[in-house]
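Hi,

Here is the structure I said I'd pass on.

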Amino acid sequence: MTRRFKLFRRIFLFRGFFQSLKIALKGIAYLFLYHRNMRIIFLLGIAAFLLGVYFRLQGIELVSLCITSTLVFMAEMFNTAIELMIDMSTRKYHTLIKLVKDIAAAVVLIAAINSLGVGYVLFSEHIIQLFR
């Protein structure tokens, strides 16, 4: 075997991929087990998707709904990761640490407001027609 082939094989080992996938799934499981907001965000995302299917949204509308829900989910994941890293390093109060945590929480808030806007655009006409 040539040296390039060995390097290529080492880079693209599926064993490493599956190990990474296992680690990522453990992270998601941790978030679901110990963080209530994750469960709420996930359930609301699923409910929004099912509502989109019920109202027969077009493909691009469902895709935008899924991307928006995923964005909120990812923002909460990053917020949780930042908070855990900070809490691991120190338990003392510090103004800059509070500021970092507040900014991380603001990212989640902005993503959630964005999802409300997208939900309004996608669902408002359907819900109004439902009550007529």
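This is a predicted model: local features need pLDDT of at least 70, side-chain atom pairs count only at pLDDT 80 or more; totals for chains, interfaces and linings use all residues.

Residues are numbered from 1 along each chain as its sequence is written, and side-chain values use heavy atoms, without hydrogens or water.

The largest pocket holds about 460 Å³ of space. Its lining has 19 residues, and L44, G45, A112, S115 and L116 are the closest to the centre. Two or more lining residues come from each of α3 (36-54), α4 (59-89) and α5 (95-130). By class, the lining is 12 nonpolar, 6 polar and 1 charged.

On terms: a pocket is an open set of points on a 1 Å grid over the protein atoms alone where a 1.4 Å probe fits, with protein on both sides within 12 Å along at least five of seven lines; lining residues have an atom within 4 Å of a point. Volume is the space filled by probe spheres set on the points, which are joined across faces, edges and corners. Helices are DSSP runs of H or I, at least four residues, numbered from the N terminus. Nonpolar means Ala, Val, Leu, Ile, Met, Phe, Trp, Tyr, Cys and Pro; charged means Asp, Glu, Lys and Arg; the others, Gly among them, are polar.

The second largest pocket comes to about 180 Å³. Its lining includes I41, F42, G45, L65 and F73, with α3 and α4 each giving two or more residues.

Finally, R56 sits in the loop between α3 and α4, and its phi is near 55 degrees, positive although R56 is not a glycine.

Cheers
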